[in-house]
Each structure stands twice: as C-alpha cells, then as structure tokens.
Amino acid sequence: MTVKTDRELYIGGSEANYIYMNYETKTFQTWWAYKLAGIPRESPTNRNMEVGTILENEILDLYEAVHGVKGKRGLSKVKGIARGNADYILQNKVIDVKASNSAFEWVLTGTIPIHYRRQLIHYCYVFELNKASILAYQVDDSLLANPFQKLDEKRMFEIDVKITLDSLKEHETRLQYLEECRKKYVFPTKEGLNVFREARENR
C-alpha cells in the first residue's frame, strides 16, 4: 500500500475518471469526502502496478533509443485544483507509460480503456498540450516474476490518442465546478454542474 499526502489537495491524472462519475455513487462520494477533508488516503497496489513502476524508465530508455529522441520525464504542474505528474513529454505531446498484459489487445482493437483516455485529457489540460499517446509494453508472466530482464522493442507500442478541444473544454468545466464545490465545502450535484456549465457558456 502507498500513502498519498498532498495529492489529496488536488485531482491527479490517475483520478481523472472520478470527475465523470455519477455524483450520487458511493465510490464518488467516498473519494470526494477525502478531497474535502484534504487528508491522506491509502491507495492499494498490485503486482502489475509495481512492475509498471519498475519498468517505466526502462521502457522510456528503449523508446528513446529506438526513435532517437530525448524528452522530459517526471514533470509536475498544478493548475487550479488539477495536478499533473507526467511520465514523459516530447515537444507538444504527453506520453503515458503503461506496462500491461493488454497492450497487444489495445493495438489490435485500436482502443484503450476510457480511464486512460481521461488521464491523458487531464495531462493535456494541465500542461496545455494538444497531443497525447500511450506507450504500452506487453508484459507476461515471466516479466511479472522478474522485471529486471532486457526489454524487447517488438513488445513496445505507441498508441496515439486524439485529444479534442471539446474534450478539454468539458474536462475544464468539470474540474472548475468541483473546485467551486470544494471552496463551499459541499458535495457536487448533476443539477449544480448543469447550472455551472450554463453560466460559463453565457459569459
């Protein structure tokens, strides 16, 4: 288990999916209660997450070697209630590294999980970028058991993710509404979001 500290004062990329949830669900309300209180929250980890953390820099090293590029790693930025900790930024593109046993599937179907897409929207919003991709590496049981082996570039895939202006605008609206709710120390509602959105559009 890892413990988050000042992250509870902000909404991070890994939490981006929460802002699209039904505000009435127990999952959202528990999460928002921690945000209102601003207290540390334990976040469970699993073997896949642990291996992903171990492999992140190795995957980026391989990516840079294959493509002959050099980007910026581990940048952090705060924008209002939003906080971004980007794995990798190359020029005007944010790249999120995922070591997963589903990488092949993502490439074949041309789709990624919606929460990963929202995570990239979050980073583009915070860092004011307009391009994004997932750098996926296919893991197997052998790599999960021993993540300190040499990586194979044939198992590494970059999946471009289109980020639209509309998606960034909607993300900003939802974040700013939650920021207003936190200032007032209240729980958000669907009706409140609609009123907030209408007021923004009428400015």
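Author: The axes of helix α1 (residues 26–37) and helix α6 (residues 165–184) come within 10 Å and cross at roughly 60 degrees. Axes here are lines fitted to C-alpha atoms, for helices over the stretch in contact, and angles run from 0 to 180 degrees between N-to-C directions. Helices (H or I, at least four residues) and strands (E, at least two) are DSSP runs, numbered from the N terminus. This is a predicted model, in which local features need pLDDT of at least 70 and side-chain atom pairs count only at pLDDT 80 or more, while totals for chains, interfaces and linings use all residues. Residues are numbered from 1 along each chain as its sequence is written, and side-chain values use heavy atoms, with hydrogens and water left out.

Reader: What are α1 and α6 to each other, oblique or parallel?

Author: Angles under 35 degrees count as roughly parallel, over 145 as roughly antiparallel, 65 to 115 as roughly perpendicular and the rest as oblique. The two axes cross at roughly 60 degrees. Therefore α1 and α6 are oblique.

Reader: How many charged residues does the contact of α1 with α6 have?

Author: Contact means heavy atoms within 4.5 Å. Phe28, Trp32, Lys35 and Leu36 of α1 meet Leu178, Cys181 and Arg182 of α6. Ala, Val, Leu, Ile, Met, Phe, Trp, Tyr, Cys and Pro count as nonpolar, Asp, Glu, Lys and Arg as charged, and the others, Gly among them, as polar. By class, the contact of α1 with α6 has five nonpolar residues, no polar ones and, as charged residues, two.

Reader: How many charged residues are in the contact of α6 with α7?

Author: α6 and α7 pack at an angle of about 115 degrees, with their axes 10 Å apart. Residues on the α6 side include Lys169, Glu170 and Arg174, and those on the α7 side include Phe196 and Arg200. The contact of α6 with α7 divides into three nonpolar, three polar and, for the charged class, seven.

Reader: Is Gln91 buried or exposed?

Author: Gln91 lies in the loop between β4 and β5 (93–100). Its phi is positive, about 55 degrees, although Gln91 is not a glycine. Most residues other than glycine have a negative phi. At 73% relative accessibility, Gln91 counts as exposed.

Reader: Where is Glu128 found?

Author: Glu128 also has a positive phi, near 55 degrees, and is a residue other than glycine. At 57% relative accessibility, Glu128 counts as exposed. Glu128 is found in the loop between α4 and β6.

Conventions
Buried < 20%, exposed > 50% of the residue type's maximum accessible area, 1.4 Å probe, protein only.
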